[in-house]
Amino acid sequence: MTDEPRFEAHRCPNGHVTYPGHTLCPECGEPQTETIDLVDRTATVVTWTTSTATPPGVREPNHIAIVAFDVAGETVRAIGQLTTDGIAVGDEVRPVYAEQLRDPAEGIRHPDSQAWDGFRFEPVE
């Protein structure tokens, strides 16, 4: 087992791929039994926006995008923070690990009650 962070999509036996994973496939109702790590893949920006009224502990401004990965002919969409505002629809991005997506001290939950890490998307140059 590896300690490297994984950005996992999930696949059911019928080949449907989703992110995030679900107990049962939203397309056909079969159990999702396989994972696909998207960390080394690139995606295309579908749309993006900048939020200037962010929740406590989230950077301001916060650049967010919906991106689309191609996984064996299936389109898998994800939403997440961007590393920059220098982005356009159609740009190619890759997921990059961030140890802290928001400040745990600013949240309404106890800092130990949830994970604060995750992935942002950065432009591929």
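P61 is found in the loop between β4 and β5, strands here being DSSP runs of E with at least two residues, numbered from the N terminus. The peptide bond that leads from E60 into P61 is cis, with omega near 0°. A cis bond also joins Y19 to P20, with omega near -5°, and P20 is found in the loop between β2 and β3.

The model is predicted: local features need pLDDT of at least 70 and side-chain atom pairs count only at pLDDT 80 or more, while totals for chains, interfaces and linings use all residues. Residues are numbered from 1 along each chain as its sequence is written, and side-chain values use heavy atoms, with hydrogens and water left out.

**Overall architecture**

The protein has eight strands and zero helices. Its C-alpha trace spans about 40 × 35 × 25 Å along the principal axes. Of the 125 residues, 31% are buried, where buried means under 20% relative accessible area, exposed over 50%, and partly exposed in between (1.4 Å probe, protein chains only). The protein exposes about 7,700 Å², of which carbon and sulfur atoms supply 46%; these areas come from the Shrake-Rupley method with a 1.4 Å probe. Among contacts (heavy atoms within 4.5 Å) with a separation of 6 or more, residues 24 or more positions apart account for 50%.

**Strand pairing**

Strands of a sheet pair through backbone hydrogen bonds, either parallel or antiparallel. Two strands are taken as paired if DSSP finds at least two bridges between them. Three strands form an open antiparallel sheet in the order β2-β1-β3. Because β2 (17-18) and β3 (34-37) stand at the edges with a single partner strand each, one side of each has no neighbour in the sheet.

| Strand pair | Sense | Bridges | Bridge partners |
|---|---|---|---|
| β1 (residues 8-11) and β3 | antiparallel | four bridges | R11 and E34 |
| β5 and β6 | antiparallel | eight bridges | V67 and A78 |

β5 and β6 form a hairpin with two residues between them. A72 counts as exposed, at 67% relative accessibility.

**Nonpolar core**

A nonpolar core is a set of buried Ala, Val, Leu, Ile, Met, Phe, Trp, Tyr and Cys residues joined through side-chain atoms within 4.5 Å. The largest such core holds 18 residues, and F7, L38, V67, F69, V71, V93 and F121 touch the most other members. Two or more residues come from each of β4 (43-51), β5 (62-71), β6 (74-81) and β8 (118-123). β5 gives the most, with four residues. Neighbours within four places in sequence aside, V71 is in contact with R11, V17, I36, L38, R41 and V76.

**The loop between β2 and β3**

This loop also holds E30, which is partly exposed with a relative accessible area of 36%. The C-alpha atoms of E30 and N14 are separated by 7.8 Å, although the two residues are 16 residues apart along the chain. Leaving aside neighbours within four places in sequence, E30 is in contact with C12, P13, N14, T23, L24 and C25.
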